[in-house]
Amino acid sequence: MDPLAFGLTLSVRPTFALAPTAELLLFVACGVCLGTVSGLVPGIHANNFALLLAALGPSLPGSQTAVGAAILAAGVVHTFLDVVPALALGVPDPAMAATALPGHRLVVAGRGREALRLSALGSVLAVALAVPLALPVTWLMTEAYPTVRTHLPVVLVVVVLLLLVTESSRRSALAGALCFALSTLLGVSTLDLDPDAPLALGGMLAPLFSGLFGAPVLLDAFDGAGVPPQDDATLALTGREVGWSAGAGSLAGAFVGYLPGVSAAVASVLSLPLVPDIDGEGTREFLVASSGANTSNTVFALFALVTLGTPRTGVMVALEDGGGGAGVGALPALLATTTVAAFVGFVLVVVVGDEYLRVVGRANYAVVSATILALLVVLSWLFAGFVGVGVFLVASLVGLVPVRLRTRRVHLMGVLVGPLILGV
């Protein structure tokens with residue numbers, strides 16, 4: 001055999017002998033399964049499995065578009081289901097409910113089943129709004145992007161200041177500024193590291209995000225009070241109120257979907273001025289809006305990747321690096337994937353969520369947390385070697401600071417935003 005022909009033969013990816021639609025559905029189903037696991041396992045970020053799929057992408061027997069669809073489906077389903085362990089773990093004692101997260105306040109009041117459905121509705125309605133809005137919003141952002149890119153540090157500083165001034169008190173704002181500074185220092189020190197690792201894809205993102213946002217929740221769950229008996233799932237908000245709150249979250253997700261380093265958590269906070277305070281505390285409305293921002297951010301980040309060529313989330317980094325199917329030609333298939341994954345994610349929250357609250361909420365939190373923490377250490381090693389394990393430990397310490405100082409965890413996004421502002 002001709003050596004050149006042999007080399008070309010080796011470079012061709014094996015594919016399934018399936019029709020394109022059947023292949024796409026098969027890979028979407030695989031992505032849904034991975035997104036379900038990452039969403040329901042506390043501490044596992046959507047980026048973990050997305051980057052893993054990206055690392056395996058060249059060896060998988062499917063087209064690049066199909067692999068990209070699996071990555072995207074995993075990311076979308078995760079945004080629906082990650083609320084389930086968030087509600088079930090780390091529930092405070094009733095005496096501390098006033099200082100708890102909005103979702104936990106509902107769980108303490110016996111309204112966890114309602115909280116699950118509000119979150120699912122916020123996510124699915126946000127997708128329904130984001131898909132038709134994506135084209136005009138993308139056109140506007142494409143026109144504005146050269147100006148935004150030129151003045152990006154100024155734009156990001158404004159976003160950071162908005163997050164600080166929306167804190168509940170001056171003390172919380174100062175604590176938020178400290179958390180932002182600490183996470184910025186962490187990002188400047190670690191993001192450019194290129195350690196040897198079994199899976200050389202994703203760099204330091206996996207240990208950083210697992211440490212900052214995953215491990216602290218698990219560590220705090222050691223002292224969780226468990227889930228009290230839950231009432232029925234009747235919604236206290238009307239359809240109009242749910243729709244308005246989901247729309248606010250979707251618009252906020254659209255804004256941050258095109259900004260580098262700015263996460264859906266930031267979008268949740270930015271949606272607050274648009275969210276009506278129907279129940280006197282804004283708890284339910286914020287839950288709907290934050291879930292909507294979380295999911296719609298994925299849709300707008302996809303369009304940002306296709307039109308601007310810049311990945312805005314870890315899932316989009318994986319889609320660009322491993323899926324290879326983020327071109328304009330693949331957009332219809334990826335949008336169909338988003339729609340299917342959103343529907344499945346909505347159903348899974350309703351079907352799985354109640355039982356999860358009952359079973360995991362009454363489990364031994366110490367055993368659950370220790371097991372998942374060990375898994376996060378392994379994932380950090382897979383993506384960034386022993387250096388990644390060290391970074392994960394340091395990031396976990398930094399991630400514990402916001403709750404102790406009674407400020408929002410969102411300020412820890414300084415790990416990405418801070419280096420962009422500083423230009424390093």
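Which backbone oxygen lies 2.8 Å from a polar atom of the side chain of S210? The close-up views below, taken from a predicted model, begin with this residue and then turn to the largest cavity.

**View 1. The side chain of S210 and the backbone of A206.** In this predicted model, the backbone oxygen in question belongs to A206, and the distance from this oxygen to a polar atom of the S210 side chain is 2.8 Å. S210 itself is part of helix α10, which spans residues 205-221.

View 2. S210 counts as buried because its relative accessibility is 1%, where the cut-off for buried is under 20%. When residues up to four places away in sequence are left aside, S210 touches N48, A215, P216, L376 and F392.

View 3. The structure holds one cavity of 30 Å³ or more, and the volume of the largest cavity is about 50 Å³. Its lining is made up of V159, V160, L163, F180, V262, V266, V410, H411, M413, G414 and V417, and the elements that contribute two or more residues to this lining are α8 (152-165) and α18 (414-422).

View 4. Helix α8 provides the largest share of the lining of the largest cavity, namely three residues. Sorted by class, the lining of this cavity comprises nine nonpolar residues and two polar residues, with no charged residues.

Terms used
Residues numbered from 1 in each chain as written. Predicted model: local features only at pLDDT ≥ 70, side-chain atom pairs only at ≥ 80, totals over all residues. Heavy atoms only, no water. 1 Å grid on protein atoms, 1.4 Å probe; cavity = no way out; pocket = protein on both sides within 12 Å on 5 of 7 lines; lining within 4 Å. Points joined across faces, edges and corners; volume = space filled by probe spheres on them. Helix = DSSP H or I, 4+ residues; strand = E, 2+ residues; numbered from the N terminus. Nonpolar A, V, L, I, M, F, W, Y, C, P; charged D, E, K, R; others polar. Buried < 20%, exposed > 50% of the residue type's maximum accessible area, 1.4 Å probe, protein only. Polar contact = N/O pair within 3.5 Å; in protein donor to acceptor, adjacent residues only side chain to side chain. Contact = heavy atoms within 4.5 Å.
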